[in-house]
Amino acid sequence: MSTILITGANRGIGLELARCFVRDDWRVLACCRSPELSDELQALAAQHDRLSMHRLEVADRAQIAELATQLKAEAIDILVNNAGVRGPLNQGFGETDPDAWLETFKVNCIAPMLISEAFVEMVARSRLRIIAAVGSVMGSIAENSSGGHYAYRTSKAAVHMVAKGLSVDLADRGIISVALHPGWVRTRMGGAEAPLSVEASAQGVKKVLLGLSIRDSGCLIDPQGTKRAW
Ligand SMILES: NC(=O)c1ccc[n+]([C@@H]2O[C@H](COP(=O)([O-])OP(=O)(O)OC[C@H]3O[C@@H](n4cnc5c(N)ncnc54)[C@H](OP(=O)(O)O)[C@@H]3O)[C@@H](O)[C@H]2O)c1
């Protein structure tokens with residue numbers, strides 16, 4: 001049985017990815033920071049023995065290390081660094097809040113790096129050997145035509161670089177590392193006006209993940225499988 005680990009699996013895109021994979025007979029290691037408050041994930045776990053819930057506040061190094069120790073015997077085919085935050089409410093020019101910016105960076109960029117470092121052995125011993133960071137075209141320098149959103153955009157541009165760096169550093173271990181743009185999706189973060197349903201996004205992301213080859217490593221890929229400009 002193949003195994004996927006997903007961070008931020010209690011709502012939004014992470015929860016829907018957990019649903020898609022568990023229904024396809026995958027084992028799902030569903031991470032969230034407050035399992036006791038995660039009703040929808042609890043309901044999914046109650047329906048499927050293959051899904052287990054794990055506490056993980058991704059900005060907490062001790063929790064990352066503790067979970068990696070607990071799961072050290074696993075083979076993790078796909079590690080999805082999905083947990084993310086939009087950052088402070090106001091991120092326009094002239095509105096810089098350094099502390100809030102750094103918090104955004106910790107969650108969106110540094111946590112995926114630390115989690116990849118902590119779980120690399122489990123990924124390396126799996127069959128598919130994929131590490132995916134959920135990035136965003138909001139972090140694409142080439143595609144930024146509307147400005148603003150400085151904390152969010154820079155944190156996603158930075159995690160794209162993490163994904164690219166891992167694709168180089170882990171290539172000799174056969175690990176594929178990608179950044180994924182999930183589309184503009186109707187979640188708490190994406191808002192009600194987003195064009196894409198969470199189901200359509202997760203189905204697209206799943207198809208992309210399952211179709212990856214080493215040639216895709218180091219790319220930013222959207223749910224249609226199109227490689228996007230950094
Ligand atoms: N929605 C979009 O249009 C869109 C577009 C491009 C990229 N993305 C990216 O897609 C990913 C998922 O976004 P979404 O739309 O599903 O957002 P969402 O509905 O707001 O969900 C965010 C998830 O991340 C978790 N999370 C946030 N901070 C965390 C932390 N410090 N530790 C652990 N978990 C944490 C949240 O957990 P809690 O419930 O505990 O807060 C929640 O499970 C994010 O990386 C986001 O940047 C989204």
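I began with contacts in the protein chain: among those between residues at least 6 apart in sequence, 67% join residues at least 24 apart. I counted two residues as in contact if their C-beta atoms, placed from the backbone, lie within 7 Å.

I noted that this is a predicted model, where local features need pLDDT of at least 70, side-chain atom pairs count only at pLDDT 80 or more, and totals for chains, interfaces and linings use all residues. Residues are numbered from 1 along each chain as its sequence is written.

Next I looked up the fold. I found six helices and eight strands in the protein chain. Helices (H or I, at least four residues) and strands (E, at least two) are DSSP runs, numbered from the N terminus. Along the sequence I read β-α-β-α-β-α-β-α-β-α-β-α-β-β.

I then checked the ligand. I found 30 residues around the ligand, with Gly8, Gly12, Gly84, Thr187 and Gly190 the closest. A residue is near a molecule if its C-beta atom, placed from the backbone, lies within 6 Å of it. Helix α1 (residues 12–23) gives the most to this shell, three residues.

Last, I looked at two backbone angles. Arg129 has a positive phi, near 55°, and is not glycine. I placed Arg129 in the loop between α4 (98–124) and β5 (130–134). Arg129 counts as buried because it has 22 C-beta neighbours inside 10 Å. His149 also has a positive phi, near 50°. His149 sits in the loop between β5 and α5 (150–169). His149 has 18 such neighbours inside 10 Å, so it counts as partly exposed. The cut-offs are 20 or more other C-beta atoms within 10 Å for buried, 12 or fewer for exposed, and in between for partly exposed, with C-beta atoms placed from the backbone.
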